[in-house]
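Subject: Structure handover

Hi,

Here is the structure I promised to pass on. Please open it alongside this note. My findings follow below.

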Amino acid sequence: MNEPQTLRDAHAVATARRPRAEADRSEWVRFHRANARMYREVSDVDRGHHHELKYWVGYEERKAEEVAGLASGKDG
């Protein structure tokens, strides 16, 4: 598979690899971390959507931390 080159491509990849709702939390953490890496890489290529892609990097990083916190029994 080719690496995504645009924001649209990245969203399509994220959607395609989304875990099932009942997947383990560790799988969801990996999903969000992988998305953050992907959006970061695409932000260097799709300069027209650079700021929006940076938003998605932050969003995915926050989601990964949120899910990881739930998995370890932390509050917040």
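This is a predicted model: local features need pLDDT of at least 70, side-chain atom pairs count only at pLDDT 80 or more; totals for chains, interfaces and linings use all residues.

The pLDDT of the protein chain averages 92, and 91% of the residues score at least 70. Among the elements, helix 1 (residues 7-16) has the highest mean pLDDT, at 98. Helix 3 (residues 50-71) has the lowest, at 94.

Now the overall layout. The protein chain has three helices and zero strands. Along the sequence the pattern reads α-α-α. The C-alpha trace spans about 40 × 25 × 15 Å along its principal axes.

Next, packing. Of the 76 residues in the protein chain, 36% are buried. Which residues of helix 2 are buried? They are W28, V29, F31, H32, A34, N35, A36, M38, Y39, V42 and S43. Contacts with a separation of 6 or more were also counted: 56% of them join residues 24 or more positions apart.

Last, surface and charge. The accessible surface of the protein chain is about 5,300 Å², and carbon and sulfur atoms contribute 48% of that. The protein chain carries 14 positive and 14 negative charges.

Best wishes

Methods. Residues are numbered from 1 along each chain as its sequence is written. Side-chain values use heavy atoms; hydrogens and water are left out. Helices (H or I, at least four residues) and strands (E, at least two) are DSSP runs, numbered from the N terminus. Buried means under 20% relative accessible area, exposed over 50%, partly exposed in between (1.4 Å probe, protein chains only). Contact means heavy atoms within 4.5 Å. Accessible areas come from the Shrake-Rupley method with a 1.4 Å probe; for residues, only the protein chains shown count as cover. Lys and Arg count as positive and Asp and Glu as negative; His and the chain ends are not counted. The place of a charge is taken as NZ of Lys, CZ of Arg, CG of Asp or CD of Glu. pLDDT is the predictor's confidence in each residue, from 0 to 100.
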